[in-house]
Amino acid sequence: MQRGNESGILEKAIYIAALILIVKLFFLQVLTPEYKLKAHDNVVKKVTIYPSRGLILDRNGEVMVYNDAVYDILVQWNITKDLDTLRLCELLNTNVEFVRLKLDEIKRTTPNKPTPFIKLLDGPTFARFQEHLFEFPSFSVQTRTVRRYPFQSGAAVLGYLSEVTENNIKQSSGYYELGDYMGTTGLERYYDSLLRGEKGYTYQVVDVKNTYKGKYKDGEEDKTPIAGWDMVTGLDAELQAYGEKLMQGKVGGIVAIEPSTGQILAYVSSPSFDPNLLTSRYRRHNFNVLFKDYYKPLLNRPIQAMYPPGSTFKAAAALVTLQQGVHDEKWYWFCPGGYRIGRHVVNCHGSHAVPDVQTALQYSCNSYFCKIYNDFIMDSTFANPAAGYQKWWDMMNIFGYGHTLGIDLKGEKKGNLPTVKYYNKVFGENKWRAATIISNSIGQGEVLATPLQIANAMAIIANHGYYITPKIVKYLVKDNQYRKPVVMRHETGIDTMYFRMVADGLEKVVLAGTARIAQIPDISFCGKTGTAQNPHGKDHSIFSGFAPKVNPKIAIAVFVENAGFGATYAAPIASLMVEKYLNDTIAKKRIPLQERMINAKLMKSEMELNSEQLIKQRKLDSLQKAKALKDSLEKAKIKKDTISKSAPKPKQP
Amino acid sequence: MNYKKRAYDPIDSTVLFCYLFLVILGIMSIFASEYNGVLSSSFFSFKHSYIKQALWACVSGLMFFTILGFDRRLLQFISYPMYVLVVFLLLMVLLVGETTKGQQNWINLGAFKLQPSEFAKFGTAMALAKYFDTPGMRFVTRREHMIVYAIIGLPLLLVAAQGDAGSCLVFAAFIFVLNREGLSDLYIYLGLFIVVISVLALIINPYIIVGISILFFLLLIYWNWMNKQLVKILAVIMIGTCFYATSVSYVFNNVLAKHQRDRINVILGKELTKEAKRGIAYNLNQSKIAIGSGGILGKGYLQGTQTRYNYVPETSTDFIFSAVGEEWGFVGSVILIIVYVVMLQRLLLLANRQTSPYGRVYTYAVVAIIFTHVVINIGMTIGLLPVIGIPLPLLSYGGSSLISFTFMIATALKLDSERQMSMR
């Protein structure tokens with residue numbers, strides 16, 4: 001018996017509903033491939049494995065930089081319960097307030113994943129905490145490496161690492177990711193791409209609570225990290241540390257070069273600091289302190305500070321004059337106690353006879369060098385003074401002045417060797433002569449040089465005519481593969497015999513001249529003092545030299561800012577460095593000198609700085625724009641801006 | 001005819017196979033959603049859902065055979081008492097029930113929890129069938145209509161009071177049964193029309209709907225001017241539509257609970273609160289990712305990452321279809337839907353060949369209940385319908401649900417195998 005409505009609406013409704021569901025499923029599962037990617041993103045987490053960064057060794061195989069494990073304590077907020085805050089504070093050496101604030105911050109930002117709670121925990125504290133880690137189930141540990149510096153020196157040359165910026169990420173073409181560390185200064189920066197190695201990855205499967213569930217595809221797509229290249233430098237770690245010790249309490253720099261190879265032996269920028277400060281838990285605070293310091297310890301003085309080279313310039317000046325044949329070795333000059341140009345006089349130390357170039361160097365006779373410079377440029381073989389100056393400029397230029405030398409550090413300054421074009425602009429074409437720019441002859445005036453350039457000039461004299469591109473790194477090594485920095489031999493084209501003459505003169509400087517204080521027992525030390533006049537403060541003390549005279553092993557330049565005569569500080573410090581390097585010890589009778597140098601404190605204390613009006617003009621000489629000396633400046637009435645253009649102000653770090 | 005007395009009458013094998021397929025797939029999918037990659041020694045531990053579900057499946061099997069052993073007169077006899085019992089249980093839920101996720105629909109019986117709304121569905125179906133089986137019942141008088149509406153309306157109001165929107169919709173599906181028994185098709189179309197107007201009123205400005213409907217109905221009235229009766233009906237519908245369209249947003253904002261509004265807003269693609277984005281929208285999106293990432297052939301059994309690693313919530317219960325969709329893909333999902341369609345169409349056939357109103361109405365009600373569950377459940381996991389907590393019949397984890405669906409199907413099969421009896 002059938003009754004009622006036979007329209008079969010439910011039957012049709014079932015078919016229609018099934019069809020609608022299937023169509024929607026078709027769109028979802030067949031036509032929308034993005035869901036596969038989304039599911040992959042959900043479940044698969046890419047975890048970076050950091051390679052160990054290359055070590056940095058000195059020339060004797062001493063480790064200067066190594067990697068040390070530190071520990072980040074992470075916490076996952078959403079699974080944290082019944083936290084014993086007091087116990088945590090006790091174990092981690094923190095206070096309750098810190099824990100509360102940090103947990104609040106994590107709760108607000110990333111409650112669902114392990115987030116750094118305390119970063120860079122040191123080994124002993126971590127060891128204590130690890131024993132009790134089970135009491136804090138939501139806490140986990142991430143091991144990281146930081147750089148350690150056993151010699152606590154070499155901050156300026158070794159550099160430091162810091163977190164990458166957006167810009168770094170862009171420039172690294174995808175290698176770096178947010179939160180990575182990269183070399184920011186020094187060798188760490190210059191050789192970053194080799195030292196860092198290659199990051200590895202592991203793909204992990206995680207559930208919705210971010211708990212590890214296993215490897216993705218059994219680790220098929222994982223990539224093992226490749227360790228960075230180890231680096232062997234030409235530095236002598238002990239000499240480096242000794243140099244920083246000698247320079248403590250003084251502002252300036254030391255550069256020591258092995259002349260035969262161009263390798264840097266010591267690279268001191270003073271005031272220096274312990275590079276370990278920038279890797280500890282308190283690195284941000286330490287960095288701020290260093291950054292705000294009046295004496296700018298982060299400035300890389302050996303290549304970034306430009307000083308007038310002063311009398312150390314005279315050795316090169318003598319060489320170009322001899323080579324040009326303006327005057328020979330035995331040319332006789334009587335110094336009347338100064339060199340007069342019009343109303344202006346370049347003073348010398350009393351009137352005396354100068355029978356040869358050696359004597360001129362020995363007593364650093366200003367008028368002699370003014371005269372030979374004048375005679376070089378005004379020589380009748382040149383069409384005009386500009387042509388003469390151009391020739392002089394060319395020869396000084398191949399001595400390494402006025403251009404960068406190509407050291408393997410970023411930010412090298414080129415100093416200043418004023419060009420003909422520059423003088424034409426300032427004085428007008430054909431309106432200047434040697435006398436107008438006489439200060440150049442004695443390394444004053446517009447001439448500026450970095451300590452590296454001055455040391456390099458000494459290396460040229462030590463080598464009797466050439467220099468090798470100065471480099472800090474000897475070679476990089478990984479798995480028996482070697483990479484060497486590209487170096488070149490730069491010839492000066494000056495005859496060897498002239499170098500012999502000048503070297504004799506430089507030897508006399510130490511034996512019986514201005515730098516007798518720098519005498520080292522049993523070592524023939526050749527050098528030249530310099531006292532750079534400084535328009536805004538006490539003179540800079542400069543010394544450059546090389547030793548031994550025959551077959552030289554070390555060429556050195558020392559700068560001490562506002563320290564007076566070259567012989568007062570720079571010469572003794574240079575001699576101690578050379579003695580330390582060549583003899584390994586300091587002779588007993590020179591120990592008092594060493595102590596005097598170490599203890600000399602020329603930097604002003606914080607209190608003195610605050611009390612002085614110096615505060616108003618908080619600028620250091622090494623940070624100043626090039627300021628030409630009165631003589632050439634006043635005559636020319638140079639506008640300030642034209643000068644600043646030609647000699648750019650060193651950038652602050 | 002040959003009336004040999006047998007222990008069991010032959011039952012419909014198509015429905016039985018579909019039933020077994022679904023129950024087994026259900027246990028497999030529950031296992032898949034809990035499987036964590038290793039088979040530990042605690043594989044058979046009773047704390048796992050799949051073991052519990054397998055246990056419930058055994059209980060269901062026993063019940064299946066018990067029911068086949070029943071006499072249909074017993075079923076008819078217990079119909080009204082059963083109805084009274086489920087109504088009583090629904091009242092108890094309101095008094096002593098436990099509240100989970102804004103729904104108060106559990107009674108804690110110590111060892112297990114009872115969900116009376118699951119039993120209320122077939123209890124109501126039985127009472128309805130029994131009433132239609134009353135001699136002389138023709139479903140025409142006002143009194144008959146009132147009693148029928150009361151039988152359905154009472155449990156509907158009680159589950160509505162529990163906040164169980166899914167079960168409400170299931171009771172609303174009884175309209176298909178009434179339609180089969182003589183209620184005009186117009187009422188179903190009217191229901192559909194109301195749904196469409198509701199959705200439109202929520203998406204676009206209700207006054208636009210008012211304008212369009214006035215224009216539309218005036219045209220209809222103009223064309224049918226001669227038919228006074230139709231004009232009257234059209235006028236009533238027009239006024240009703242205008243009134244309804246303007247009141248939808250009021251009802252939406254003041255009658256529905258906040259989580260219900262959020263669920264509807266997700267489907268309609270409306271601006272969401274932060275809480276809803278992190279809650280319901282996130283869940284729905286994860287479910288769609290799970291199903292969508294299954295692709296054509298699926299990731300393979302036990303390879304579903306979304307469901308196994310808990311990105312999709314409630315994978316073993318309400319969102320079990322996500323596990324099927326992810327691991328078996330489009331092909332598997334379509335097969336599952338086809339199995340449901342075959343089972344329901346077969347049950348409809350069995351209903352229509354019933355000789356007594358009791359069997360027909362009851363089987364029809366069973367089809368309507370299962371149909372509503374399947375459409376709403378799958379619809380919500382793929383983002384077609386708002387998320388409503390309602391199990392996928394025979395697949396979802398849950399003892400109450402499995403037993404109640406087993407009971408419905410077993411009784412329907414029993415009624416079919418015994419259909420000749422009423423002719424005697």
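Author: Asp504(A) is partly exposed, at 31% relative accessible area. Its partner in a salt bridge is Lys549(A), with the closest N and O atoms 2.4 Å apart. Asp504(A) lies in helix α19 (residues 496–512) of chain A, and Lys549(A) in the loop between β22 (540–547) and β23 (554–560), so the pair ties together parts 45 residues apart in sequence. Lys549(A) is partly exposed too, with a relative accessible area of 22%.

Now the terms. A salt bridge puts a side-chain nitrogen of Lys or Arg within 4 Å of a carboxyl oxygen of Asp or Glu. Buried means under 20% relative accessible area, exposed over 50%, and partly exposed in between (1.4 Å probe, protein chains only). Helices (H or I, at least four residues) and strands (E, at least two) are DSSP runs, numbered from the N terminus.

This is a predicted model: local features need pLDDT of at least 70, side-chain atom pairs count only at pLDDT 80 or more, and totals for chains, interfaces and linings use all residues. Residues are numbered from 1 along each chain as written, chains are lettered from A and ligands numbered from 1 in the order written, and side-chain values use heavy atoms, without hydrogens and water.

For context, the structure holds 30 salt bridges over all chains. One of them joins Lys330(A) and Asp356(A), with the closest N and O atoms 3.7 Å apart. Here Lys330(A) is exposed, at 53%, whereas Asp356(A) is buried, at 10%. In chain B, Arg346(B) meets Asp12(B) in a salt bridge at 2.5 Å, N to O.
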